[in-house]
Amino acid sequence: MFDDQSLLQAAERATGCSDWGAPLFREPLAILTQAIRAEADLSELGIRRAERRLVDALSARLQLNADRARD
């Protein structure tokens, strides 16, 4: 399912991290995923690609927070 919670969980599984830092990005993420589902009219392949890109971006955020915590 393409929703913000699924994307967050996928990024956590991919990185093994769970420190998201400030939650300011969560509302815009929810708006974006809802808009993609409702308005983007993507094919199944397009949805999978959007999901992959968002998981990659979220994974990068998690990794950045983990790196900052280490240093």
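Asp19 touches Leu62 and Asn65, once residues up to four places away in sequence are set aside; touching, or contact, here means heavy atoms within 4.5 Å. This is a predicted model, where local features need pLDDT of at least 70, side-chain atom pairs count only at pLDDT 80 or more, and totals for chains, interfaces and linings use all residues. Residues are numbered from 1 along each chain as its sequence is written, and side-chain values use heavy atoms, with hydrogens and water left out.

- You'll find Asp19 in the loop between H1 and H2.
- Asp19 is partly exposed, at a relative accessible area of 45%. For these labels, buried means under 20% relative accessible area, exposed means over 50%, and partly exposed is in between (1.4 Å probe, protein chains only).
- Asp19 and Leu62 are 43 residues apart in sequence, yet their C-alpha atoms are 6.3 Å apart in space.

**The overall layout**
- The chain has 3 helices and 0 strands. Both kinds of element are DSSP runs numbered from the N terminus: helices are H or I with at least four residues, strands are E with at least two.
- Going along the sequence, you get the pattern α-α-α.
- The C-alpha trace spans about 45 × 20 × 15 Å along its principal axes.
- Take the contacts between residues at least 6 apart in sequence: 74% of them join residues at least 24 apart.

**The nonpolar core**
- A nonpolar core is a set of buried Ala, Val, Leu, Ile, Met, Phe, Trp, Tyr and Cys residues joined through side-chain atoms within 4.5 Å.
- The largest one here has 16 residues, and Leu7, Trp20 and Leu58 touch the most other members.
- Skipping neighbours within four places in sequence, Trp20 is in contact with a list of residues including Leu8, Phe25, Leu58, Leu62 and Asn65.

- Thr33 sits in helix H2 and is buried, with a relative accessible area of 0%.
- Leaving out residues up to four places away in sequence, Thr33 touches Phe2, Asp3, Asp4, Leu7 and Leu54.
- Gln63 sits in helix H3 and is partly exposed, with a relative accessible area of 32%.
- Gln63 touches Thr15, Cys17 and Arg70, again not counting residues up to four places away in sequence.
- Gln63 and Trp20 are 43 residues apart in sequence and 9.2 Å apart in space, C-alpha to C-alpha.

**Surface and charge**
- Buried residues make up 31% of the chain's 71 residues.
- The chain has 10 positive and 12 negative charges, and their mean positions are 4 Å apart. Lys and Arg count as positive, Asp and Glu as negative, while His and the chain ends are not counted; each charge is placed at NZ of Lys, CZ of Arg, CG of Asp or CD of Glu.

**How confident is the prediction?**
- The mean pLDDT (the predictor's confidence in each residue, from 0 to 100) is 94 for the chain, and 99% of its residues reach 70 or more.
- Among the elements, H1 has the highest mean pLDDT (96) and H2 the lowest (94).
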